[in-house]
Amino acid sequence: MTDLTQTQAPTLPVRKFRIRWSDIGDHAVLILGSLFMLVPLLIVLQTTTTTDVETIKNGPGLVIGDQFGANFDKAMFEASGFSGENTGMSMLKNSLILGLGFALGKIAIGMMAAYALVYFRLRFATFAFWLIFTTLLLPLEVRILPSYEIAQKLGLLNTYSGLIVPLIASATATFFFRQFFRSVPEELVEAARIDGAGPVKFFIDILVPLSQTMIAAMFIIMFVFGWNQYLWPTMITTEEHMYTLVRGIKQITQDLEGTNIPEYGRANMLALIAILPPVLVVIFFQSWFVKGLTESDK
Amino acid sequence: MAQVSLQNIRKIYPNGYEAVTSTSFDIADGEFVVLVGPSGCGKSTLLRMVAGLEDITEGSLSIGDRVVNDVDPADRDIAMVFQNYALYPHMTVRKNIGYGLKNRKTPAQEIERKVDEAAKMLNLEPYLDRKPSQLSGGQRQRVAMGRAVVRDPALFLFDEPLSNLDAKLRNQMRIEIKALQRRLGVTSIYVTHDQVEAMTMADRIIVLNEGRIEQIGTPAEIYHSPASTFVASFMGAPPMNLLEARLEGGQVFVNGGTPLANAQGRGAVTLGIRPEDVAFDPAGPLDFHIDIVEELGAHRLLHGQLAAQNFTMHVSKEVAAAPGAVRVGLKADALRLFDAETGKAL
């Protein structure tokens, strides 16, 4: 060993610094990729600072205007539409309720389904699992008409439960939790049984705390997924006070009728606001997310 | 505290595999019984049936005066220490130890008192507020012990609790567990595949092989009078020497030559002799060709051939030894004879 290092040492200073073309190539791809993602966002940001007249005259430009505050007020607190009920604030509230309800509901249902599948001697458990799994092949878009009809007949139109409940049965969450539960050591279940913990206690006292990182990871995915729902809220909400942000933005840019000019500033401001919560959630839960999907704390 | 009684216990898995054939034995109050055998011999299955983690296919199991076949593990008044400790990773040591009491609706003050008492007994006091991941292997082992001790159970069950520790710690924990069991006087069943653990810890050893009991006895009985060649070769390190021998005219011969001992019967037998019951003896009846000398400090192991069969001899450190041929004698009262076909002791 010592001989080896001694003979190698003098050769080190001889090595020259070289530009590696592959490095430059890699960086170029990364930089171009991030520009591709960022430039539209910057355009949105720029248009929120100028007046609508200027935007329609010059298009997006490099000038930073002074209308940011005014546009913000208009977007958040001024109603659009007929009823005067869909301000930015109400849409933000609806979106938050949808995102949280969607994520928490999916996690709760998925965890309980996975618990039943993994820890109980069910007849046809494997069959049930594959049945749940095949629903991945049937996304909302495929079954939207029957789902709508059911929701309508149950009187769920324009309600939060109508917005959330039909969406929360989740094969994805069930699958992830099933895999996770299967990796929890068998001995832990047995120790808990001997310690006198019944099925409910074991679930709440041991399984849920153990799944923390997994829950956080699921929460990110599902919150962003729920927040960005567009088709279902469009179908199920017809009253303006129930609009979510993602659905409401579209309503505003459509106002190009008559002599009105489109409210670019307002729409883009709402778009920015709609982007923000998912970004914050991802930033906040990021470390949990990586942990949940890569390592297990057992 | 309680005696445990197994009557004709069997375990057949749904796929038809018979893991434990009809087994009966009794364990006295306060006794420390070790189930030992190679992997797959059914010892863990037997323990898990006693714990209630595995259904009993046939037979009856009683702990104390109660038949507990259909009693839930939580209500059998047992505590179990698992091979991987099975500590709850998200709970502190204090909560880990107290969890069983909490589930039994013990008042919080009493839980605290009992946990403190158990922690004191096991020298865990400085670690009570740590998580299991912040503890060393030996400390985790102690927490697992604490979880068992704190509940004052009628029966302790140990499922290879030391197999994840390094050799030094294992020796130390072995003594600690034994001392603790002595002090508390709780009936215990301990499963291991390590015959040293079995010998050193047990009041009685039960040797299992392929789902059957080979022998039940005190460590000395098991060691000196093994009931079969299986027990003879499984217990003891190095194991008992087993030589092909012949019975003729009331005497035992190995490879012809001088008769070694008197015994009734005729035909082929297996002769067993512990390595330490062999001694150098210039006038001895047998030739031993030493191939390898294993130096172990306190003693030496000499491996080689005797009558063209593998043979090991144990000599103390005062006895010099070198590869080559020597004459040896066998201690006559230490000779054991086994049926050459069935392997049972004669």
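Predicted model: local features only at pLDDT ≥ 70, side-chain atom pairs only at ≥ 80, totals over all residues.
On the surface of chain A, a nonpolar patch is formed by A:Phe36, A:Met37, A:Leu38, A:Leu41, A:Leu42, A:Leu45, A:Phe68, A:Ile275, A:Val279 and A:Ile283, which together have about 980 Å² of accessible area. Two helices of chain A, α2 (21-47) and α15 (264-294), each give two or more residues to this patch, and the most is given by α2(A), with six residues. A:Leu41 is one of the residues of the patch and is found in helix α2 of chain A. Because its relative accessibility is 35%, A:Leu41 counts as partly exposed, a class that lies between buried, under 20%, and exposed, over 50%.

Empty space in the model was examined next. Rolling a probe the size of a water molecule over the atoms shows where such space is left. The largest pocket holds about 990 Å³ of space, and among the 36 residues that line this pocket, those closest to its centre are A:Tyr119, A:Arg121, A:Glu186, A:Val189 and A:Arg193. Elements of both chains take part in the lining, since at least two residues each are supplied by α5 (88-119), α9 (171-182), α10 (186-194) and α11 (199-210) of chain A, together with β1 (4-12) and α1 (43-51) of chain B. The most is given by α10(A), with four residues. When the lining of the largest pocket is divided by class, 21 residues are nonpolar, three are polar and twelve are charged.

The second largest pocket has a volume of about 570 Å³, and of its 26 lining residues the closest to the centre are A:Lys106, A:Leu138, A:Arg143, A:Leu167 and A:Ala169. Here α5 and α9 of chain A each supply at least two residues of the lining, with the largest share, five residues, coming from α5(A). The lining of the second largest pocket comprises 16 nonpolar, seven polar and three charged residues.

The structure also holds one cavity of 30 Å³ or more, and the volume of the largest cavity is about 60 Å³. Its lining draws on A:Ala191, A:Ile194 and A:Asp195 from chain A, and on B:Ala79, B:Met80, B:Phe82, B:Arg147, B:Ala148 and B:Arg151 from chain B. At least two residues each are supplied to this lining by α10 of chain A and by β6 (78-81) and α4 (137-149) of chain B. Six of the residues that line the largest cavity are nonpolar, none is polar and three are charged.

How values were computed: Residues numbered from 1 in each chain as written. Chains lettered and ligands numbered in written order. Heavy atoms only, no water. Patch = residues over 30% accessible without salt bridge, like charges linked within 9 Å, V, L, I, M, F, W, Y side chains within 5 Å. Areas by Shrake-Rupley, 256 points an atom, 1.4 Å probe, with all protein chains shown as cover. Salt bridge = Lys/Arg side-chain N within 4 Å of Asp/Glu carboxyl O. Buried < 20%, exposed > 50% of the residue type's maximum accessible area, 1.4 Å probe, protein only. 1 Å grid on protein atoms, 1.4 Å probe; cavity = no way out; pocket = protein on both sides within 12 Å on 5 of 7 lines; lining within 4 Å. Points joined across faces, edges and corners; volume = space filled by probe spheres on them. Nonpolar A, V, L, I, M, F, W, Y, C, P; charged D, E, K, R; others polar.
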